[in-house]
Every structure is written in structure tokens, then in C-alpha cells.
Amino acid sequence: MGDKTYGIRFEWVDDASSKTQTTPALAYALRPTRADFAWAGYSSGLTYYAAKQAVAEKKLMMSGGAAT
């Protein structure tokens with residue numbers, strides 16, 4: 001941004017495409033890394049639970065594969 005360069009590190013945590021694992025997986029990924037944002041998994045169902053956790057963590061969340 002501007003004349004500065006910033007790095008980004010991506011932390012991958014598998015939620016096994018499971019609604020019951022999405023919330024704890026996202027919390028596990030965000031908390032120890034002090035992440036600034038989260039990326040939700042694929043599907044509206046999983047994104048629903050990820051969004052709830054992102055709100056609880058007060059983090060911005062993006063989703064590349066949810067219709068609702």
C-alpha cells in the first residue's frame with residue numbers, strides 16, 4: 001500500500017468439511033497466530049459456522065464459495 005510492502009502468511013487448518021469442526025478449526029487458526037482475517041471453507045453451510053466464529057473473534061472473514 002502506497003510505497004510500503006507488506007507480507008502475508010497463510011495458516012491452513014483443515015475442518016474436514018464438517019460443520020462440527022468448522023468453528024473450533026477457525027478458532028484454532030485465529031487465536032495463536034493473531035490473524036487479522038479469516039477465509040471460510042467451501043459451502044454456505046460451512047461458511048455459516050465460520051462466520052459465527054469470525055464475529056466472536058472480531059475478525060474480518062472472506063468466503064470464496066458460499067451462495068448464501
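A salt bridge here is a side-chain nitrogen of Lys or Arg within 4 Å of a carboxyl oxygen of Asp or Glu. I start my notebook with that because I count a pair as a salt bridge only by this rule. I also note at the outset that this is a predicted model.

**Entry: salt bridges**

How many salt bridges does the rule give? The count comes to 2.

I looked up the pair Glu57 and Arg31, whose side chains meet in a salt bridge at 2.7 Å, N to O. Glu57 lies in helix 2 (residues 44-57), while Arg31 is in the loop between helix 1 (19-30) and strand 1, so this pair ties together parts that are 26 residues apart in sequence. Arg31, at 54% relative accessibility, counts as exposed.

Arg9 is exposed, at 61% relative accessibility. Glu11 has a relative accessible area of 39% and is partly exposed.

**Entry: the overall layout**

Next I stepped back to the whole chain. I found 2 helices and 2 strands in the protein. In what order do the elements run from the N terminus? They go α-β-α-β. Strand 1 covers residues 37-39, and strand 2 covers 60-62.

I noted the extent of the C-alpha trace too: it spans about 40 × 25 × 20 Å along its principal axes. The protein has 68 residues, and buried residues make up 26% of them. Its accessible surface comes to about 5300 Å², and carbon and sulfur atoms hold 56% of that.

I then checked contacts between residues at least 6 apart in sequence, and 43% of these join residues at least 24 apart. For the charges, I have 8 positive and 6 negative in the protein, and their mean positions are 7 Å apart.

Which residues make the nonpolar surface patch? I wrote down Ile8, Phe37 and Leu60, which together make a patch of about 330 Å². Phe37 belongs to strand 1. I looked up how open Phe37 is, and at 35% relative accessibility it counts as partly exposed.

**Entry: Leu46 and its contacts**

I moved on to Leu46, which sits in helix 2. Leu46 is buried, with a relative accessible area of 6%. What does Leu46 touch, once neighbours within four places in sequence are left aside? I listed Asp15, Ser17, Ser18, Lys19 and Thr22. One of these, Ser18, is 28 residues away from Leu46 along the chain, yet their C-alpha atoms are separated by 7.2 Å.

**Entry: the loop between helix 1 and strand 1**

I came back to this loop, where Arg31 is found, to look at two other residues. Ala35 lies in the loop between helix 1 and strand 1 and counts as buried at 17% relative accessibility. Not counting residues up to four places away in sequence, Ala35 touches Leu30 and Lys59. I also checked Ala35 against Glu11: the two are 24 residues apart along the chain, and their C-alpha atoms are separated by 8.9 Å.

Arg34 has its place in this loop as well. In contrast to buried Ala35, Arg34 is exposed, at 73% relative accessibility.

**Entry: positive phi angles**

What made me look again at the backbone? Most residues other than glycine have a negative phi. Arg34 has a phi near 55°, a positive value in a residue other than glycine. Lys58 is not a glycine either, and its phi is positive at about 60°.

Where does Lys58 lie? I found Lys58 in the loop between helix 2 and strand 2. Lys58 counts as exposed, at 75% relative accessibility. So my notes for this entry hold two loop residues, Arg34 and Lys58, with exposed labels for Arg34 and for Lys58.

How values were computed: Residues are numbered from 1 along each chain as its sequence is written. This is a predicted model: local features need pLDDT of at least 70, side-chain atom pairs count only at pLDDT 80 or more; totals for chains, interfaces and linings use all residues. Side-chain values use heavy atoms; hydrogens and water are left out. Helices (H or I, at least four residues) and strands (E, at least two) are DSSP runs, numbered from the N terminus. Buried means under 20% relative accessible area, exposed over 50%, partly exposed in between (1.4 Å probe, protein chains only). Contact means heavy atoms within 4.5 Å. Accessible areas come from the Shrake-Rupley method with a 1.4 Å probe; for residues, only the protein chains shown count as cover. Lys and Arg count as positive and Asp and Glu as negative; His and the chain ends are not counted. The place of a charge is taken as NZ of Lys, CZ of Arg, CG of Asp or CD of Glu. Patches are made of residues with over 30% relative accessible area and no salt bridge: like charges are joined within 9 Å, nonpolar side chains (Val, Leu, Ile, Met, Phe, Trp, Tyr) within 5 Å.
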